[in-house]
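Me: Please take a close look at one part of this model and set it in its surroundings. I would like the terms spelled out as you go.

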Amino acid sequence: MLAFVVFQVVVLFAMLLRSYRFKQLFLYQWFAIPIVFILDAAWISAVMSAPVSLVLAGDALVMPAVSFVLTGIWVAYVYKSVRVRNTFDRVAISGHVASAS
């Protein structure tokens with residue numbers, strides 16, 4: 001979890017600094033959500049000596065699923081938006097602006 005939090009801070013700084021790497025890092029962050037959830041469930045199961053089914057009982061899957069879907073919508077926006085392209089792509093940084101066509 002600590003590594004994921006550090007990675008989220010890296011993505012945040014890439015966004016704030018308008019890095020051309022932001023879009024790719026944001027995509028990787030989206031892919032990491034289910035991986036971190038699976039590793040976290042396995043870790044809790046191992047530490048508590050409880051079956052994974054007990055760890056995932058109830059509404060334990062709701063928040064990670066909602067987070068994954070909502071972040072997926074933002075990832076799609078980041079990759080399709082002309083405004084984002086104008087902000088984060090290398091060409092935009094050098095002074096050229098992408099058109100909406």
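Reply: Thr71 counts as buried because its relative accessibility is 16%, where buried means under 20% relative accessible area, exposed means over 50%, and partly exposed is in between, with a 1.4 Å probe and protein chains only. The model is predicted, so local features need pLDDT of at least 70 and side-chain atom pairs count only at pLDDT 80 or more, while totals for chains, interfaces and linings use all residues. Residues are numbered from 1 along each chain as its sequence is written, and side-chain values use heavy atoms, with hydrogens and water left out.

Thr71 belongs to helix 4, residues 62-80; helices (H or I, at least four residues) and strands (E, at least two) are DSSP runs, numbered from the N terminus. Not counting residues up to four places away in sequence, Thr71 touches Phe26, Trp30 and Ile33, contact being heavy atoms within 4.5 Å.

Helix 4 itself has 19 residues and reaches 27 Å from its first C-alpha to its last, close to the 27 Å expected at 1.5 Å a residue, the expected span being 1.5 Å times one less than the number of residues. The buried residues of helix 4 are Thr71, Gly72, Val75 and Val78. These residues lie on the same side of helix 4, because they cover an arc of only 125° around the axis, the arc being that of the directions from the helix axis to the C-beta atoms. An α-helix has 3.6 residues a turn, so residues three or four places apart point the same way. The buried residues of helix 4 pack against helix 2 and helix 5, whereas Val69, Ile73, Trp74 and Lys80, on the other side of helix 4, are exposed.

Helix 2 comprises residues 22-48 and includes Gln29, which is buried, with a relative accessible area of 12%. Leaving aside its neighbours within four places in sequence, Gln29 is in contact with Phe4, Phe7, Gln8 and Val11.

Just after helix 1, Arg18 takes a positive phi of about 55°.

Val5 also lies in helix 1, residues 2-16, and its relative accessibility of 42% is why it counts as partly exposed.

As for the protein overall, it has six helices and zero strands, which read along the sequence as α-α-α-α-α-α. Buried residues make up 24% of its 101 residues, and among contacts with a separation of 6 or more, 55% join residues 24 or more positions apart.
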